[in-house]
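I'll jot down what I looked up as I go.

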Amino acid sequence: MTSSHSHLRDTDPAVAEAIAGEERRQENNLEMIASENHVSEAVMEAQGSVMTNKYAEGYPGERYYGGCEHMDTVENLAIERAKQLYGAEHVNVQPHSGTQANMGVYFAVLEPGDRILSLDLNHGGHLSHGHHVNFSGQLYDVEQYGVDPETGYIDYDEVADQAAEFDPDMIVSGSSAYPREFDFERLSTIADDVGAYHLADIAHVTGLVAAGVHVNPVGDADFVTGSTHKTIRAGRGGMIMTTDEHAEAVDKAIFPGGQGGPLMHNIAGKAVGFGEALEPEFAEYAERVVENAKTLADVFQDAGITPVSGGTDKHLLLLDLRDSHPDLTGEDAEDALDDVGITVNKNTVPGETRSPFVTSGVRVGTPALTTRGFDPDAMETVGELIVERLNAPDDPDVASEVQAEVDRLCAEFPVYE
């Protein structure tokens with residue numbers, strides 16, 4: 001890292017030390033949580049800029065405060081770059097997160113009590129798609145579809161039958177742990193057949209879609225939401241893409257409906273990250289993300305560890321440990337790997353019988369390691385280290401050997417040179 005944090009160290013040494021500790025942790029650990037990435041120093045400079053000082057309620061050219069000319073410039077850059085990346089008619093870059101982007105869409109076209117059909121959380125869905133502990137499950141009548149227990153894939157004929165019976169007002173596609181591409185075109189047809197809107201949440205694959213290595217739902221779905229960090233490596237937050245028909249309703253649902261002043265420092269980071277994603281090198285990065293994930297899938301399958309659906313089309317794998325390691329919970333696996341510098345997260349799997357705080361699986365992702373420069377050969381080594389650790393989670397000699405290899409890889413592929 002180039003920043004010395006000198007002012008922060010003088011003003012608040014406790015926070016400075018926590019940040020320095022996190023810098024060391026990221027440099028010295030293999031970050032494999034599928035929703036995490038390492039943004040560029042340019043993105044971090046934008047996010048840590050004087051943009052954080054300014055209120056800019058409203059939208060470019062229509063602010064409620066004066067002095068917003070530079071805010072307008074930055075937000076317009078983010079909007080226009082997103083339009084170029086995704087081919088969208090209208091883009092709102094103000095949501096503070098992917099969940100608030102989903103909230104904005106719901107508030108724009110649904111009423112409390114309306115019906116939502118979405119992917120079950122245990123089958124890879126997301127809290128904001130209607131889980132009962134989330135606002136979406138509390139405000140709306142939600143029914144959820146799942147994956148075929150034999151194949152791990154979504155059966156779209158079954159979704160069509162379920163939609164015909166449930167008669168939803170909105171069908172939500174997208175996931176946080178489903179390793180396969182969605183058939184967005186088919187889901188839009190199903191939604192049209194029952195008179196429902198289709199919201200495609202691409203939070204995890206915004207970068208892959210932008211690079212053209214994952215199918216783009218823009219043009220098929222009525223609304224497309226996403227996170228702006230994860231695979232796109234821009235400023236942390238969310239965005240909504242839609243048609244001109246729904247633009248006004250979406251904008252009103254975000255401001256003043258759900259948020260006050262936008263986080264302009266984050267929007268500046270979004271603009272910078274979107275600009276980076278327009279460069280040819282980004283497409284090469286996204287292709288490598290998927291290639292690395294497929295490499296990991298091969299390693300795990302060869303070792304007898306089952307990836308849900310047998311593999312992946314994108315940046316993540318969901319490993320079901322019940323057959324290969326029946327006595328090892330997802331929580332145990334997460335802890336064992338964390339002890340040797342490999343960061344993953346426990347995750348529920350289809351047919352889950354354990355608590356979501358324990359789980360029977362782990363989710364493994366490749367975006368952050370690919371940003372560090374890991375190629376398939378290095379990723380194969382990482383997969384082998386994970387297998388070695390999971391096969392002997394209580395063996396201190398194995399832990400020492402794996403940790404040494406992790407240290408070597410981290411030194412070979414630094415996050416920030």
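Predicted model: local features only at pLDDT ≥ 70, side-chain atom pairs only at ≥ 80, totals over all residues.

For naming, I take helices (H or I, at least four residues) and strands (E, at least two) as DSSP runs, numbered from the N terminus. With that, Pro256 goes down as a residue of the loop between H10 and H11.

Entry 1: I checked the peptide bond joining Phe255 and Pro256, and it is cis, with omega at about 10 degrees.

**Entry 2: H10 itself.** Which residues of H10 are buried? I get His246, Ala247, Val250, Asp251, Ala253 and Ile254 in this helix, which spans residues 244-254. Looking down the axis of H10, I find its buried residues within an arc of 155 degrees, so they line one face of the helix. Residues three or four places apart in an α-helix point the same way, because there are 3.6 residues a turn. On the face of H10 turned away from the buried side I noted the exposed residues Glu245, Glu248 and Lys252. The cover over the buried residues of H10 includes strands S2 (58-59), S4 (90-92), S8 (197-201), S9 (223-227) and S10 (238-242), along with helix H5 (98-109).

**Entry 3: H4 against H11.** Next I looked up a helix pair. The axes of H4 (residues 69-86) and H11 (residues 264-277) come within 8 Å and cross at roughly 40 degrees. The crossing of H4 past H11 is left-handed. From H4 I listed Met71, Val74, Glu75, Leu77, Ala78, Arg81, Ala82 and Leu85 in the contact; H11 brings Met264, Ile267, Ala268, Ala271, Val272, Phe274, Gly275 and Ala277. By type, the residues of this H4 and H11 contact are 13 nonpolar, one polar and two charged.

**Entry 4: the cores.** Which residues touch the most other members of the largest nonpolar core? Out of its 56 residues, the answer is Tyr86, Ile154, Phe182 and Phe274. Among the elements that each supply at least two residues of this core are H4, H11, S10 and helix H12 (280-302). H4 gives the largest share, seven residues. I followed up on Phe182: leaving aside residues up to four places away in sequence, Phe182 touches Leu119, Tyr145, Ile154, Tyr156, Ser173, Gly174, Ser175, Leu187 and Val215. There is also a second, separate core of 35 residues, including Leu30, Leu319, Val344 and Ile386.

**Entry 5: Gly146.** I placed Gly146 in the loop between S6 (141-145) and H7. At 26% relative accessibility, Gly146 counts as partly exposed. Beyond residues up to four places away in sequence, Gly146 touches Leu119, His123 and Ile154.

**Entry 6: His131.** Buried or exposed, I asked of His131? At 17% relative accessibility, His131 counts as buried. His131 sits in the loop between S5 and H6 (135-139). Its contacts, not counting residues up to four places away in sequence, are Leu121, Ser136 and Gly137.

**Entry 7: positive phi.** Asp167 is not a glycine, yet has a positive phi of about 55 degrees. I found Asp167 in the loop between H7 and S7 (170-173), and its 43% relative accessibility makes it partly exposed. Arg233, not a glycine either, has a positive phi of about 60 degrees. Arg233 lies in the loop between S9 and S10 and counts as buried at 18% relative accessibility.

Key: Residues numbered from 1 in each chain as written. Heavy atoms only, no water. Axes fitted to C-alpha atoms, helices over the stretch in contact; angles between N-to-C directions. Left-handed = near helix turned anticlockwise from the far one by under 90°. Contact = heavy atoms within 4.5 Å. Nonpolar A, V, L, I, M, F, W, Y, C, P; charged D, E, K, R; others polar. Buried < 20%, exposed > 50% of the residue type's maximum accessible area, 1.4 Å probe, protein only. Arc of directions from axis to C-beta. Core = buried A, V, L, I, M, F, W, Y, C linked by side-chain atoms within 4.5 Å.
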